[in-house]
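Dear colleague,

I am passing on the structure below, together with some notes on its packing. Please have it open while you read them.

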Amino acid sequence: MERLTFVLRMEGDREAGIAAVRALKGEFEAACAAAQVGNFSIWHMEQYLFGYGERSGGDVHCFDAVFARFPVDVSLVCAPGTMRQMYHDIGIVRADKSLIRHRVFATKLKPGCEEEYKRRHDGLIEQRGDAVKEGPESNFTIWYGDGHIFGYCELVRAFDSIEPTPEQKAASVAWETRQLEIMDWLTDDMNWLTGENHPPVERVI
């Protein structure tokens, strides 16, 4: 199975751009069926639309005909198969998506920080080793394109009631504070830490 990610950038009216992409929902669904792409979604943050899907067959260019129908002020800046994977923590993927909540996020990397971001996340993978967790995160991948970071994660609902320990909270604050050295958030994930007021991510398709 191959993960297909792509990024669209809206140069004009964002609501109009979202409506134009949403109007192509049926054509995206037909392309997914023809290319055996499942778990497909498109998400909105700032001027960007982030697409995610999982392909078990077919062509990586399966959406080209749909992309060709975008209005001129919605441009494809990262085509499927071109984004760099920066991190993964797949865990146990739930086929039944009623068991999960989505977490999709985006940040803007500061100039020259792509490799530092990758190095830090490679360290997390090395620390984890071969361990496979039940949750709370699963099917978690992070991607780079157009100077930005885009993440897709499935949070397991069974873990929603489990509170992190004080040690886990402190470690999370330390990690996120350090990450602010190399990136700025576009989504609301760290509003509680930064005092900013980014809106939540919106699912378009």
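The largest nonpolar core has 24 residues, and those with the most contacts inside it are Val21, Phe28, Phe40, Ile42 and Phe63; a nonpolar core here is a set of buried Ala, Val, Leu, Ile, Met, Phe, Trp, Tyr and Cys residues joined through side-chain atoms within 4.5 Å, where buried means under 20% relative accessible area, exposed over 50% and partly exposed in between, with a 1.4 Å probe and protein chains only. Strand E1 (2–10), helix H1 (14–22), helix H2 (25–35), E2 and H3 each supply at least two residues of this core, helices (H or I, at least four residues) and strands (E, at least two) being DSSP runs numbered from the N terminus. A second, separate core of 15 residues includes Met86, Ile142, Cys153 and Trp185.

Please keep in mind that this is a predicted model, in which local features need pLDDT of at least 70 and side-chain atom pairs count only at pLDDT 80 or more, while totals for chains, interfaces and linings use all residues. Residues are numbered from 1 along each chain as its sequence is written, and side-chain values use heavy atoms, with hydrogens and water left out.

Searching the whole structure gives 17 aromatic pairs, that is, rings of Phe, Tyr and Trp (its six-membered ring) with centres within 6.5 Å, counted as stacked with planes under 30 degrees apart, edge-to-face over 60 and tilted for the rest. The rings of Phe40 and Phe63 have centres 5.2 Å apart and planes at 40°, so this pair is tilted. The pair links distant parts of the chain, 23 residues apart, with Phe40 in strand E2 (residues 37–45) and Phe63 in the loop between strand E3 (48–55) and helix H3 (64–67). Both are buried, Phe40 with a relative accessible area of 13% and Phe63 with 1%. Together with Phe6, Phe28, Phe67 and Phe70, these two residues form one aromatic cluster. Leaving out residues up to four places away in sequence, Phe63 touches Leu4, Phe6, Phe28, Ala31, Cys32, Val37, Phe40 and Pro80, contact meaning heavy atoms within 4.5 Å.

In H1, the buried residues are Gly17, Ile18 and Val21. They cover an arc of only 100° around the axis, and therefore lie on the same side of H1; the arc is that of the directions from the helix axis to the C-beta atoms. Among the elements that cover these buried residues are E1, H2, E2 and E3.

With best wishes
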